[in-house]
Amino acid sequence: MQKSIAALKEEGSRAFAMKDYEKANAAWNEALQHPDATVTDIALIHNNKAACFMVKKQYEQAVSECTTALKSNPEYAMALVRRAKAFENMGKYKDALADLHKASSLGHEDSKTAEQRVKALIAG
């Protein structure tokens, strides 16, 4: 019997909380293949997978996962903020600033502070 999408997402979240990032990604990969996965689920899961890559400092993979999340939901502010953080860690400040600006325009509160920090990095 196949696990529900909710059970797979929860399994991934529990594994992430326990710092078992491989297990978290495996559960989330299974959830992505689930026939009941909605566009919202897909965006959330890819953003969660990006979190795993961020913790492991695999920023290019994090950007890729966030970009995939944003293809499912272009106004997903959390994915924009996470991708901005990955860009920032890669030294791609202008890309980070663009994502933070969009997240800010969508009403994401924390992005304004991050936006100021990145502007300062660009200014040197």
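Before I start: a residue counts as buried when its relative accessible area is under 20%, and as partly exposed between that and 50%. I also remind myself that this is a predicted model.

**Entry: aromatic rings**

I searched the whole structure for aromatic pairs and found two. In one of them, the ring centres of phenylalanine 16 and tyrosine 21 lie 5.3 Å apart, and the planes meet at 65 degrees, so I noted the pair as edge-to-face. Is tyrosine 21 buried or exposed? Its relative accessible area is 14%, so tyrosine 21 is buried. Phenylalanine 16 comes out at 26%, so I wrote it down as partly exposed.

Next I looked at phenylalanine 16 with tryptophan 28, a tilted pair with 6.3 Å from centre to centre and 40 degrees between the planes. This pair links distant parts of the chain, since phenylalanine 16 belongs to helix α1 and tryptophan 28 to helix α2, twelve residues apart. Tryptophan 28 has a relative accessible area of 2%, so it is buried. My sketch now shows Phe16, Tyr21 and Trp28 linked into a cluster by ring pairs.

**Entry: two helices**

I then turned to helix α3 (residues 39–55) and helix α4 (residues 59–72), which pack at about 170 degrees with their axes 8 Å apart. Angles over 145 degrees count as roughly antiparallel, so that is how α3 runs relative to α4. Among the residues making the contact I marked Ile42, His46 and Phe53 of α3, and Tyr59, Glu65 and Ala69 of α4. By type, the contact residues divide into ten nonpolar, five polar and two charged.

Conventions: Residues numbered from 1 in each chain as written. Predicted model: local features only at pLDDT ≥ 70, side-chain atom pairs only at ≥ 80, totals over all residues. Heavy atoms only, no water. Axes fitted to C-alpha atoms, helices over the stretch in contact; angles between N-to-C directions. Helix = DSSP H or I, 4+ residues; strand = E, 2+ residues; numbered from the N terminus. Parallel < 35°, antiparallel > 145°, perpendicular 65-115°, else oblique. Contact = heavy atoms within 4.5 Å. Nonpolar A, V, L, I, M, F, W, Y, C, P; charged D, E, K, R; others polar. Phe/Tyr/Trp six-rings, centres within 6.5 Å; stacked < 30°, edge-to-face > 60°. Buried < 20%, exposed > 50% of the residue type's maximum accessible area, 1.4 Å probe, protein only.
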